[in-house]
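Open the model in your viewer and keep the selection tool at hand. Each stop below says what to select and what is there.

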Amino acid sequence: MSAHTTTRETKIARMFGLDGDSWMRHANPVSVWTRFAVLPLLAVSVWSRDWIGWWSLIPVALSLVFMVVNPLMFPAPSSTRNWASKGVFGERIYAERNTVDIPRQFRSRVPAVTTAFQLLGLGVLVYGLVELGWVGLVATVTGLVILQGAKAWYIDRMVLLFEDMKTRHAEYHGWEY
């Protein structure tokens, strides 16, 4: 394990208020699935500058606020036996990987590859939002598909991590109900 105990993912999680029991609120599937709506909403908000000018800053700001408050907006789920909740639990474990021994297969390059795809998608998305027109529309949709697909791939890997780790640690097993 690394001498540095705080991972990049832990720092990001803390920025969104995810620490300790607050992770359980984000494990609500509604939180996860509505979070997938943030980027399309933000893209439409930015795109709307062509239709409503500076007024587009209002939906842009509302989208950003929603992105920040979403992880803590919902109560703990009534059940965590679902893909979304397990993905959040895996993210939590992965964020703590410098202080928790995770199996070697989960220390692979896959999370970095998914991040690279997300950055690629972000670049295409930004190009589309700047370009507008038909080319911009195709680029925007393509960027969103790449970003969302890569994020879903990442979450799916985190589900696999959680499924493995819950058999190794009673604490993690207790997160599933």
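Select Arg81 and Glu176: they form a salt bridge, with the closest N and O atoms 3.6 Å apart. A salt bridge here is a side-chain nitrogen of Lys or Arg within 4 Å of a carboxyl oxygen of Asp or Glu. The model is predicted: local features need pLDDT of at least 70, side-chain atom pairs count only at pLDDT 80 or more, and totals for chains, interfaces and linings use all residues. Residues are numbered from 1 along each chain as its sequence is written, and side-chain values use heavy atoms, with hydrogens and water left out.

Arg81 sits in the loop between H6 and H7, while Glu176 is in the segment after H10, so this pair ties together parts that are 95 residues apart in sequence. Helices are DSSP runs (H or I, at least four residues), numbered from the N terminus. Now show the surface. Arg81 is exposed, at 56% relative accessible area. Glu176 is buried, at 9%. The cut-offs are under 20% relative accessible area for buried, over 50% for exposed, and partly exposed in between (1.4 Å probe, protein chains only).

**Next: Lys86**

Lys86 lies in helix H7 and Glu176 in the segment after H10, so the contact ties together parts 90 residues apart in sequence. Are these two residues buried or exposed? Both Lys86 and Glu176 are buried.

Lys86 and Glu163 form a salt bridge at 2.7 Å, N to O. This pair also links distant parts of the chain: Lys86 in helix H7 and Glu163 in helix H9 (residues 133–165), 77 residues apart. Lys86 has a relative accessible area of 15%. Glu163 is partly exposed, at 27%. Across the whole structure, the search finds nine salt bridges.

**Next: the rings**

Switch to aromatic side chains. Rings of Phe, Tyr and Trp (its six-membered ring) pair if their centres lie within 6.5 Å; planes under 30 degrees apart count as stacked, over 60 as edge-to-face and the rest as tilted. How many aromatic pairs does this rule give? The count is eight.

Select Trp33 and Trp83. They make a stacked pair, 5.5 Å centre to centre, with 25° between the planes. Trp33 belongs to helix H3 (residues 29–35) and Trp83 to helix H7 (residues 83–95), so the pair ties together parts 50 residues apart in sequence. Trp33 is partly exposed, at 47% relative accessibility. Trp83 is partly exposed too, at 28%.

Move to Phe89 and Trp175. This pair is tilted: 5.3 Å centre to centre, 50° between the planes. Phe89 is in helix H7 and Trp175 in the segment after helix H10 (170–173), 86 residues apart. Phe89 is buried, at 1% relative accessibility. Trp175 is buried as well, at 7%.

Select Tyr94 and Arg97. Arg97 lies over the face of Tyr94, 4.0 Å from the ring centre. The rule for a charge over a ring is NZ of Lys or CZ of Arg within 6 Å of the ring centre and within 35 degrees of the ring normal.

Notes
Helices (H or I, at least four residues) and strands (E, at least two) are DSSP runs, numbered from the N terminus.
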